[in-house]
Amino acid sequence: MYNRIYNFSAGPAMMSEPVLEQIRDELMNFQGSGMSVMEMSHRSSQFRQIYDNAQADLRKLMGIPDEYAVLFLQGGVTLQFSMVPMNLLQGGGAEYLVTGAWSKKAFVEAKKFGDVRCIATSEDQNYAYIPDCSSLPIRDSADYVYICENETIHGTTYPTLPNTYGKPLVSDQSSMFLSRPCRVSDYGVIVAGIQKNIGPAGMAIVIIRKDLIRSDLDPRTPAYLRYDVHDAANSMYNTPNCWAIYICGKVFRYLLDNGGLEAAAQRNLEKAKILYDYLDQSNLFRGTADPAFRSVMNVPFSTGSAELDAQVVAYVTAAGFDNLKGHRSVGGLRASIYNAMPKAGVEALVDCLSQFEAEHR
Ligand SMILES: Cc1ncc(COP(=O)(O)O)c(C=O)c1O
């Protein structure tokens, strides 16, 4: 009745309809409060409950150990590209793995703050693969090792985490967050934007081992950019993004009620297989990422001709699908198939691509 379409956007992205329906139902009067969550004081007991439930449900969903703090911060993950080095560098330097556009941005930003090196990259093949991470040249002095675990634009993911020789691993999980189970204790810090697998844009979730939250930072560090400040204030140092936190809570609950992250992972693998199987047998299309490192969430593909790719984009758009144009830096097409994309959406896309292929033999 709402004429919703299959939206393959890389983010902001599709949300689950049952979640949107709950939000709709609560919009005018949230649980008898007489107001929407958008109008509610972040200091009210009602919002406090929303916040506490969201925290508790995320901890349950991911099995987050007590030694980790969970922060809901504004500024997206782009702000984390600065906050991570500002809070974690202690003079020992940091090692970055540059495997795509997002880790490169993080690396360029971090270099402003200290002795930050790129120790492995796949730039030589337009970031189509993940370099061998079994014996990286990590300095004894390094304060942390940084990766982007799923590169949204290039469509790659790490098959195994790098050996960091005990140094804290910082991972940008934006485009894979909550798509599968995650052993949080393998990481020092996990950062994730919520506009892919969760909800609206403009907020990042930071899961950080408490011993990495330092209070002896350069005193000129702006208060807003300090993890210790946000941790002490329960993510309410200033007015938080109440609306986004509320929606996060709804999505966490929805995932918990639908089999948790194990079940989400199975659904996601099944969807990705449908699309990759089609691309692998196609005579027209090919996936652009090395098959050993393919992302389950972001599937870039191409015909090999920019002109034909543009025709495919026009064709699928006319058929009612949206946001399939590849990122401007790589071209081609890209289907982002996050948690909320139903299997039927991927099947319908494959049917449409097959039809285009049949018409262009
Ligand atoms: C992997 C990754 N990291 C970081 C970002 C930046 O997120 P934001 O625009 O919310 O700051 C994105 C955005 O798409 C992303 O895909």
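Biologist: Which residues surround the ligand?

Modeller: Bear in mind that this is a predicted model. Around the ligand you have Gly 11, Gly 76, Val 77, Thr 78, Trp 102, Cys 148, Thr 152, Asp 172, Ser 174, Ser 175, Gly 193 and Ala 201.

Biologist: Which helix gives the largest share of that shell?

Modeller: Helix 3, residues 76-88, with three residues.

Biologist: And how many of the shell residues are nonpolar, polar or charged?

Modeller: Seven are polar, four are nonpolar and one is charged.

Biologist: Gly 11 is on your list. What kind of peptide bond joins Gly 11 and Pro 12?

Modeller: A cis one, with omega at about -5°. Pro 12 sits in the loop that runs between strand 1 (6-7) and helix 1 (17-26). For background, most peptide bonds are trans.

Biologist: OK, zooming out. How is the chain divided into domains?

Modeller: Domain 1 covers 17-257 and domain 2 covers 260-359. Their centres, taken over C-alpha atoms, are 27 Å apart.

Biologist: How many residues are in contact between the two?

Modeller: 23 residues of domain 1 are in contact with 24 residues of domain 2. On the domain 1 side, strand 7 (156-157) and helix 6 (242-257) are the elements that give two or more residues. That side has twelve nonpolar, nine polar and two charged residues.

Biologist: What about the largest nonpolar core, how many residues does it have?

Modeller: It has 94, and Tyr 146 and Ile 337 have the most contacts inside it. Helix 6 gives the most to this core, nine residues. Both domain 1 (17-257) and domain 2 (260-359) give residues to the core, so it lies between them.

Biologist: What is Ile 337 in contact with, leaving aside neighbours within four places in sequence?

Modeller: Phe 8, Lys 271, Ala 272, Leu 275, Met 297, Val 299 and Val 346.

Biologist: Switching topic: what is the phi of Asn 234?

Modeller: It's positive, about 50°, although Asn 234 is not a glycine. Ser 235 also has a positive phi, near 60°. Most residues other than glycine have a negative phi.

Biologist: Where do Asn 234 and Ser 235 lie?

Modeller: Asn 234 is in the loop between helix 5 (227-232) and helix 6, and Ser 235 is in that loop as well.

Biologist: Is Ser 235 buried or exposed? And how about Asn 234?

Modeller: Ser 235 is buried, because 22 other C-beta atoms lie within 10 Å. Asn 234 has 16 within 10 Å, so it counts as partly exposed.

Biologist: Last one: where is Gln 355?

Modeller: In helix 9, residues 343-359. Gln 355 is partly exposed, with 13 other C-beta atoms within 10 Å. Gln 355 and Tyr 315 are 40 residues apart in sequence and 9.9 Å apart in space, C-alpha to C-alpha.

Conventions:
Residues are numbered from 1 along each chain as its sequence is written. This is a predicted model: local features need pLDDT of at least 70, side-chain atom pairs count only at pLDDT 80 or more; totals for chains, interfaces and linings use all residues. A residue is near a molecule or strand if its C-beta atom, placed from the backbone, lies within 6 Å of it. Helices (H or I, at least four residues) and strands (E, at least two) are DSSP runs, numbered from the N terminus. Ala, Val, Leu, Ile, Met, Phe, Trp, Tyr, Cys and Pro count as nonpolar, Asp, Glu, Lys and Arg as charged, and the others, Gly among them, as polar. Domain bounds come from an automatic or database domain assignment. Two residues are in contact if their C-beta atoms, placed from the backbone, lie within 7 Å. A nonpolar core is a set of buried Ala, Val, Leu, Ile, Met, Phe, Trp, Tyr and Cys residues joined through C-beta atoms within 7 Å. A residue is buried if 20 or more other C-beta atoms lie within 10 Å of its own, exposed if 12 or fewer, and partly exposed in between; C-beta atoms are placed from the backbone.
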